[in-house]
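Subject: Handover of a structure and notes on its contents

Dear colleague,

Please find the structure below, together with its sequence.

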Amino acid sequence: MKLYCLSGHPTLPCNVLKFKSTTIMLDCGLDTTSVLHDVHNTGGWWHLHLGEWACELKECAGRIFVDSQPEFCLPEKELLDLSTIDVILISNYHCMMALPYITEHTGFTGTVYATEPTLQIGRLLMEELVNFMERVPKAQSATCWKYKEVQRLLPGPLKDAVEVSTWKRCYSMQDVNSALSKVQLVGYSQKVELFGAVQVTPLSSGYSLGSSNWIIQSHYEKVSYVSGSSLLTTHPQPMDQSSLKNSDVLILTGLTQMPTANPDGMLGDFCSNLAMTIRAGGNVLVPCYSSGVIYDLLECLYQFIENANLGSTPFYFISPVANSSLEFSQIFAEWLCHNKQSKVYLPEPPFPHAELIQTNKLKHYPSIHGDFSSEFRQPCVVFTGHPSLRFGDVVHFMELWGKSSLNTIIFTEPDFSYLDALAPYQPLAMKCVYCPIDTRLNFHQVSKLLKEVQPLHVVCPEQYTQPPPAQSHRSDLMLELQPPPMPYRRCSVLGLPFRRRWERIQLLPELAKSLVPSEIKPGISVATVSAVLQSKDNKHTLQPVPKPPPLPPSKKRKRVVEEPPEVLAPKPLLSGAVPLEAFLAMLHKHGITEVKVEETADGHILHLQAEDTLIQLEEDGTHIVCDDNEPLRTALRDLVLRFLMKL
């Protein structure tokens with residue numbers, strides 16, 4: 001069993017597991033942090049005088065950026081042949097953004113498994129990304145700076161950018177639709193059989209709508225894949241922990257990116273900074289994804305705005321998929337926590353943002369053009385994308401509000417460094433508040449979880465086996481387990497530390513009827529079997545030996561008939577042990593009196609001195625060493641057989 005690691009990002013994983021003749025991809029996350037090296041799509045820049053490739057780079061506030069359409073860091077494609085992948089298992093909608101690159105450009109012919117919310121919200125996020133890319137077309141494609149001899153001459157952090165050769169432009173909606181057509185929907189605890197070899201089962205992970213952990217098991221082996229899980233009480237169904245028990249291997253990814261930040265505390269900071277800005281007459285900009293944390297932010301604000309006397313402040317949600325995202329969150333009732341499920345039967349909408357929309361306190365628009373421009377009023381709160389600040393409508397609000405210290409930008413998404421996101425906009429007058437809200441498991445929670453489920457082996461990204469570089473003294477911000485976890489990094493191949501030992505075989509009823517069991521111990525019986533083993537679709541069956549066909553009546557045979565191989569009667573199996581004292585008495589009775597006994601690690605050696613013969617009595621066998629005296633050897637064999645049972 002091998003694990004191929006195609007991504008170096010611990011929360012955007014892409015791994016391939018080879019298990020019992022099946023090749024399974026676990027997630028296909030798209031590392032979008034590469035766009036932080038790009039300039040955004042508006043603003044003034046100064047060209048660098050750095051040779052023929054200077055047109056690809058621009059400078060702002062002393063930092064070098066790439067002037068090109070944004071490109072993303074793809075999972076590694078050269079480590080193995082991706083066309084051999086049988087299935088792709090998706091854990092949540094953030095971990096499927098690279099799916100079109102895998103399914104459409106590698107010869108992939110398999111099936112993708114995901115829950116319905118993961119598919120639908122993943123589709124929205126891909127559609128939004130494609131829409132953003134279409135709005136920022138760049139005539140040129142920056143490639144020269146990626147050459148190693150050029151990149152090493154650049155200042156950091158561009159000099160330190162990794163895997164730049166794998167960076168690609170965004171896919172098209174045609175790619176998205178084709179990729180998602182390969183998705184087969186599954187529900188929690190639904191068992192899906194793969195080619196008769198293994199069974200995969202999604203479990204609720206508690207992180208987002210439809211997010212899943214996966215169990216991959218055969219009859220005798222079990223692998224658990226834990227990715228993006230949460231034990232906090234938020235809107236999704238709670239995490240299913242008990243099903244993870246008794247795993248041979250647990251692959252752990254997607255822990256919190258903010259282990260020292262408490263999500264509840266961050267929500268409190270978010271609301272207080274928002275209220276402070278609005279009361280001072282400023283605007284609040286919240287760069288965010290169109291699904292996920294925004295549902296919790298709106299719910300928190302629903303309870304907060306009345307108490308804070310912000311009832312007249314307009315809230316705007318701007319995204320090409322804003323309407324669909326808000327509607328989808330209300331219709332996936334069976335994927336929500338029990339508290340929100342019960343509201344559906346009252347009937348009430350599970351999320352309070354429905355009421356905010358009905359009372360016109362929350363308005364959503366596909367873009368800043370059209371109705372928004374005529375209905376827009378300030379001071380206000382705007383939720384829009386992209387969190388990287390490199391594309392999307394957030395760029396226009398940065399240009400509009402960035403020069404006033406009354407305004408505030410509040411970062412809630414943990415995926416991007418807010419300092420790197422703001423770098424192209426410097427100098428910036430607007431206030432910046434960092435309130436990263438990441439509900440995924442922290443190190444304390446995951447250590448407690450692993451003690452409860454007790455896997456034999458844990459596999460995780462190498463980042464989890466050492467403290468963060470900025471906090472090297474914090475040993476509590478890493479995994480300390482016994483045995484130590486097996487770390488992986490991008491492009492590593494791990495041999496997982498257990499071997500398949502057993503395989504299940506079915507007996508046909510007619511063969512089972514013919515067996516004659518013999519009891520060898522109280523409650524234990526065995527029987528010999530003569531059968532034909534048939535293996536098909538990874539299922540193994542013992543069938544009766546076919547009888548040879550009757551000979552044709554005529555002696556003249558027109559053609560040779562292929563006959564089945566002759567089946568010989570099996571030799572009887574022997575069971576039991578030869579007791580030393582009783583055997584010596586038996587030898588003495590038959591006239592063999594000069595016997596020297598030597599004890600060994602495996603049993604005893606009997607030296608028949610007069611006959612110059614050795615008898616080795618061991619737990620699993622008896623050996624008679626007798627030169628040129630076949631009658632004696634046969635007689636001794638018969639004496640040994642008296643103590644054994646024939647099966």
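Which strands does H11 lie across? H11 lies across E17, E18, E20 and strand E21 (408-411), and runs at about 150° to E17. Helices (H or I, at least four residues) and strands (E, at least two) are DSSP runs, numbered from the N terminus. Axes are lines fitted to C-alpha atoms, for helices over the stretch in contact, and angles run from 0 to 180 degrees between N-to-C directions; contact means heavy atoms within 4.5 Å.

This is a predicted model, in which local features need pLDDT of at least 70 and side-chain atom pairs count only at pLDDT 80 or more, while totals for chains, interfaces and linings use all residues. Residues are numbered from 1 along each chain as its sequence is written, and side-chain values use heavy atoms, with hydrogens and water left out.

Confidence
The mean pLDDT (the predictor's confidence in each residue, from 0 to 100) is 86, and 91% of the residues reach 70 or more. Over residues 41-51 the pLDDT is below 50, and this stretch has 24 contacts in the model beyond near neighbours in sequence.

The six-stranded sheet
Six strands form an open sheet in the order E19-E18-E20-E17-E21-E22, with parallel pairing. Two strands pair if DSSP finds at least two bridges between them. E19 and strand E22 (431-434) stand at the edges with a single partner strand each, so one side of each has no neighbour in the sheet. On average, neighbouring strands of this sheet are turned by 20° against each other, direction ignored. E18 and E19 run parallel and are joined by four bridges; the bridge partner of Tyr-316 in E19 is Lys-363. Helix H6 (residues 293-307) lies across strand E17 (284-287), E18, E19 and E20, running at about 165° to E20.

Aromatic pairs
The structure holds 17 aromatic pairs. Rings of Phe, Tyr and Trp (its six-membered ring) pair if their centres lie within 6.5 Å; planes under 30 degrees apart count as stacked, over 60 as edge-to-face and the rest as tilted. Phe-132 and Phe-391 form a tilted pair, 6.0 Å centre to centre with 50° between the planes. Phe-132 lies in helix H2 (residues 116-135) and Phe-391 in the loop between strand E20 (381-384) and helix H11 (394-401), 259 residues apart. Both Phe-132 and Phe-391 are buried, a term that means under 20% relative accessible area, with exposed over 50% and partly exposed in between (1.4 Å probe, protein chains only).

Tyr-316 and Tyr-365 also form a tilted pair, at 6.1 Å centre to centre and 50° between the planes. Tyr-316 lies in strand E18 (residues 315-318) and Tyr-365 in strand E19 (residues 362-365), so this pair ties together parts that are 49 residues apart in sequence. Tyr-316 is buried, with a relative accessible area of 2%, and Tyr-365 counts as buried at 7% relative accessibility. Tyr-316, Tyr-365, Phe-372, Phe-376, Phe-397 and Trp-401 form one aromatic cluster.

A buried serine
Ser-329 is found in helix H7 (residues 322-331) and counts as buried at 0% relative accessibility. Leaving aside neighbours within four places in sequence, Ser-329 is in contact with Leu-209, Tyr-295, Leu-336, Phe-351 and His-353.

Yours sincerely
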